[in-house]
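Work through the exercises below with the sequence and the model side by side. Try each task before reading its solution.

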Amino acid sequence: MLRARMILGIGVLWLTGFSIGAGAQQTAAREAASFQDHVANAKLLAANDLTGRNLSDCTMPPVSAAPTTKPVDAPPTKVFDQLYYLGTDIVASWAYVTSAGIIQIDSLDNPEEAQRIIIGGYKKLGLDPAQMKYLVLTHGHDDHYGGAKYLQDTYHPRLLMGKPDWDMVGRLHDSRPGFGPPPARDTDITDGYKLTLGDTTITFYLTPGHTPGTVSFLLPVTDKGRPHLLSFWGGSALPRTLEPGAFEARATDMGLLIYMQSLERFIKLGEDGGADGFIANHPYRDQTFLNSKDDKISKNAMRKQGDPSPWIGRSTYIRYMMIALECNEAQIGWIQAGKPKISQ
Ligand SMILES: [Zn+2]
């Protein structure tokens, strides 16, 4: 449980007051008693820039981080030399342009959004929808696959999703109002699966937790020619139980303990790869678009020559992942402590 912290903890030790040696010796009982310490750690890590929805996973009981207001379209935006944001303030999709075509990541809620926001966005940004060679679905929830069948039928990209999530989608095969139908089953992503298109290879990792087959990956990008590596954690909202169970009636999560293992592993992979930024499949997580002046799209629009990209910052990336880890541990501890009522 503490492996990732031992790797990253050194960098944030000054901030949080972690004691690694003592932490490693903690008993399960002490872990349970200290869930509020994890909440406190997360708040410290959030400082004054990763607050708000980033901390919603540290609420007991957990609350949804998603806005409940009517979705607002984000302006289609070029974020890096080869990466584009196409989404709303609730759910994200991304277009990644290689030398041999486009890898589209996620497909929004339904065909109408896919057509209006993704394809409409491509056209505004000068991207050719016929160049969409692959559509990667980060996990099998309908706010990510809802537009996929439309894109599949219209532009014929190959579809990739984690194998267990294809199985899950096939089992659920229903549609909520406002969400599109599942796409026809195509390619399975297995752990370590490599997708090469033109000059780019992306390695995908199965990170079960939010769903059984959630996919996460590290995305190489350049900012005005300078290379960076973005971490993309494919599942955000935390399970509500320790063991595999039902986060919501229509989907199956893998529980907090497996989520935690996946998160620790992916933090380590990001550390080994040298990740220095992050994006997400919900814009309130990575603050890409909050429909306000404080989001990254707004900051990017005001960026001056020589300013760093708002999406890049190694310490911010580390704090972001550590907040997720702390809130995950806090939820585990809260459940182990018998879900006491706490004032927040
Ligand atoms: Zn989901």
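**Exercise 1. Classify Asp73: is this residue buried, exposed or partly exposed?**

Solution. Start with the rule. A residue is buried if 20 or more other C-beta atoms lie within 10 Å of its own, exposed if 12 or fewer, and partly exposed in between, with C-beta atoms placed from the backbone. Now apply the count. Asp73 has 16 C-beta neighbours inside 10 Å, so Asp73 counts as partly exposed. Asp73 lies in the loop between H4 and S1. Here helices (H or I, at least four residues) and strands (E, at least two) are DSSP runs, numbered from the N terminus. Then list contacts, which need C-beta atoms, placed from the backbone, within 7 Å. Leaving aside neighbours within four places in sequence, Asp73 is in contact with Thr88 and Ile117. Finally, Asp73 and Arg116 are 43 residues apart in sequence, yet 9.8 Å apart in space, C-alpha to C-alpha.

A note on the source: this is a predicted model, where local features need pLDDT of at least 70 and side-chain atom pairs count only at pLDDT 80 or more, while totals for chains, interfaces and linings use all residues. Residues are numbered from 1 along each chain as its sequence is written.

**Exercise 2. Find the strand order of the seven-stranded open sheet, and say which strands stand at its edges.**

Solution. Two strands pair if DSSP finds at least two bridges between them. The order is S1-S2-S3-S4-S5-S6-S7, and the pairing is mixed. Strand S1 (77-80) and strand S7 (187-189) each have a single partner strand, so one side of each is left without a neighbour in the sheet. Neighbouring strands are turned by 25 degrees against each other on average, direction ignored. Axes here are lines fitted to C-alpha atoms, for helices over the stretch in contact, and angles run from 0 to 180 degrees between N-to-C directions.

**Exercise 3. Describe the surroundings of S4.**

Solution. Take S3 first. Strand S3 (residues 94-98) and strand S4 (residues 101-105) run antiparallel, joined by five bridges. They form a hairpin with two residues between them. Thr98 stands opposite Gly101. Tyr96 stands opposite Ile103.

Now take S5. Four bridges join S4 to S5, and these two run parallel. Ile105 has Val136 in S5 as its bridge partner. S4, helix H5 (residues 111-125) and S5 make a right-handed β-α-β unit. Right-handed has a test: with the strands pointing away from the viewer, the path from the first strand over the helix to the second runs clockwise.

Last, check burial. Four of the five residues of S4 are buried, so S4 is largely enclosed by the rest of the structure.

**Exercise 4. Which backbone features stand out at Pro61, Asp106 and Lys339?**

Solution. Recall the background. Most residues other than glycine have a negative phi, and most peptide bonds are trans. Then go case by case.

- The bond from Met60 to Pro61 is cis, with omega near -10 degrees. Pro61 sits in the loop between helix H4 (35-46) and S1.
- Asp106 is not a glycine, but its phi is positive, about 70 degrees. Asp106 lies in the loop between S4 and H5. Asp106 counts as buried because it has 27 C-beta neighbours inside 10 Å.
- Lys339 also is not a glycine, and its phi is positive at about 50 degrees. Lys339 is found in the segment after helix H12 (314-336). With 11 other C-beta atoms within 10 Å, Lys339 is exposed.

Terms used:
Contact = placed C-beta atoms within 7 Å.
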